[in-house]
Each structure stands twice: as structure tokens, then as C-alpha cells.
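Here are some notes to read alongside the model. Please keep the sequence and the structure open as you go.

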Amino acid sequence: MRQWMPISSSPKARLALAAVAAFGTRPFAEVGVAELAADADVTTGALYHHFGSKLGLYAFVRDDVERRLLDRVEGALATAAGDEATARIVPAIVVGFDFAVREGFLHLLDAPPPGAEADRLVETLRSAAPTASPVLADILAAALRAAVHAVGAGADADDARDALQSLAVHGSADRPGRDF
């Protein structure tokens, strides 16, 4: 078992599971502390004890969900073929998109982590294509998050997925000798 996840029957784990469900389907501001505690069958004091605040709980589950996303993206990158950065990275971000949609993590993964010093998604994508344009990873990470956000706002998941896949088609073909 991953070290960052508590045992599922503990109050801390029940809070984390309730938070994943709530923050995955609704924006942070729309989720209340009392609701989270009630969904986890704990007191609000337990939330403050384990996480310090609603933001602390959000950061905990956001970090866990992002790690799961990165595990999938890294796995897809490891199996990707192609010489051009977009040919390797776009299929990996589609894998990440499919994961976020399937698991209902739309509002957890539709933006960079708040207050983080570094964006781990951008770093992961940048390491997959270190010789590509210096902003390629930033742009493709933003595209993944925009597609997740669009689905969270009601867009059709297949349309958003198609849009991400079209990045590989339009990427380097329009600019010979360049990766995007």
C-alpha cells in the first residue's frame, strides 16, 4: 500500500475518501466542513485534528490524486514511441485525462496545485521531452487541465478527449523541424 494513504477504516481515511468524492465533483468553495465530516461519519473536530483545516484536507487529497495521475502518465510515457515530443506526450496526457474523467476527479485536477512550489505534471512532461520547446510541457499540462475543466463544466468527455488527441495531429506537422 502507498504510504501517503491512511488505512481506509480510520477517521483520517474516511475524511480523505469523503473529500475525494466531494472535491472531485464540486469546486473547493462549494464544499463545507460540516458536510465533509458528516459524509465521513466523524466530527468537524476530527477534520481539524487530522488536517488542520479544509484547505489542509484538500491539499492532502489533491496531492494523492495528482500522484495517481502522474503514475498513469509516467507509465504511458514509458511505453510511448516516437521521435517527436508531441508523439510521445499527447497519448500520455490522454491517459491522464481518461483517468481523471473515469474516477470523477474533475475539480481536483483541473488546475495546478494551489500554493505548490513546482508543478509535478509539468516536470513529468518536461522530463519526457527535455530537448523540446521550453514551454511545450507547460502548454500540454494546461491542455490536459483545460480538458478536465471543460468536462467538469459540462462538456462532453469524448469531445474533450478528441481535442487533446488533435494536439498530436496539429503539433509538429505544421512546423517541420520543431516539436510543436
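1. A cut-off first. A residue counts as buried when its relative accessible area is under 20%, and as exposed when it is over 50%. Arginine 62 has a relative accessible area of 3%, so it is buried. Bear in mind that this is a predicted model.

2. Overall make-up. The protein chain has eight helices and zero strands. Along the sequence the pattern reads α-α-α-α-α-α-α-α. Of the 180 residues in the chain, 42% are buried. The chain exposes about 9,000 Å², and 56% of that comes from carbon and sulfur atoms.

3. Contacts along the chain. Take the contacts between residues at least 6 apart in sequence. Of these, 68% join residues at least 24 apart.

4. Arginine 62. This residue sits in helix α4. What does arginine 62 contact, leaving aside its neighbours within four places in sequence? The partners are Leu108, Leu109, Ala111, Pro112, Pro113 and Arg145. Leucine 109 is 47 residues away from arginine 62 in sequence, yet their C-alpha atoms are 7.6 Å apart.

5. The nonpolar core. The largest nonpolar core holds 55 residues, and Ile89 and Leu125 touch the most other members. Helices α1, α2 (33-40), α3, α4 (54-79), α5 (85-103), α6 (120-128), α7 (136-152) and α8 (157-170) each supply at least two residues of this core.

6. Leucine 125. Which residues does leucine 125 touch, not counting those up to four places away in sequence? They are Val73, Leu77, Ile89, Ile93, Ala137, Leu140 and Ala141.

7. Leucine 77. This residue is found in helix α4. Is leucine 77 buried or exposed? Its relative accessible area is 15%, so it counts as buried. Beyond its neighbours within four places in sequence, leucine 77 is in contact with Arg88, Ile89, Ala92, Thr124, Leu125 and Ala128. Serine 127 lies 50 residues from leucine 77 in sequence, and the C-alpha atoms of the two are 10.0 Å apart.

8. Packing of α1 on α3. Helix α1 (residues 11-25) and helix α3 (residues 44-51) pack at an angle of about 95°, and their axes are 10 Å apart. The two helices are therefore roughly perpendicular. Helix α1 brings Pro11, Lys12 and Leu15 to the contact, while α3 brings Ala46, Leu47, His50 and Phe51. By type, these residues are five nonpolar, one polar and one charged.

9. Histidine 107. Look for this residue in the loop between α5 and α6. Histidine 107 counts as buried because its relative accessibility is 15%. Setting aside neighbours within four places in sequence, the contacts of histidine 107 are Phe23, Gly24, Thr25, Arg26, Pro27, Tyr58 and Gly152.

10. Aspartate 41. This one deserves a look at the backbone. Most residues other than glycine have a negative phi. Aspartate 41 has a positive phi, near 60°. Where does aspartate 41 lie? It is in the loop between α2 and α3. With a relative accessible area of 66%, aspartate 41 is exposed.

Definitions and conventions. Residues numbered from 1 in each chain as written. Predicted model: local features only at pLDDT ≥ 70, side-chain atom pairs only at ≥ 80, totals over all residues. Heavy atoms only, no water. Axes fitted to C-alpha atoms, helices over the stretch in contact; angles between N-to-C directions. Helix = DSSP H or I, 4+ residues; strand = E, 2+ residues; numbered from the N terminus. Parallel < 35°, antiparallel > 145°, perpendicular 65-115°, else oblique. Contact = heavy atoms within 4.5 Å. Nonpolar A, V, L, I, M, F, W, Y, C, P; charged D, E, K, R; others polar. Core = buried A, V, L, I, M, F, W, Y, C linked by side-chain atoms within 4.5 Å. Buried < 20%, exposed > 50% of the residue type's maximum accessible area, 1.4 Å probe, protein only. Areas by Shrake-Rupley, 256 points an atom, 1.4 Å probe, with all protein chains shown as cover.
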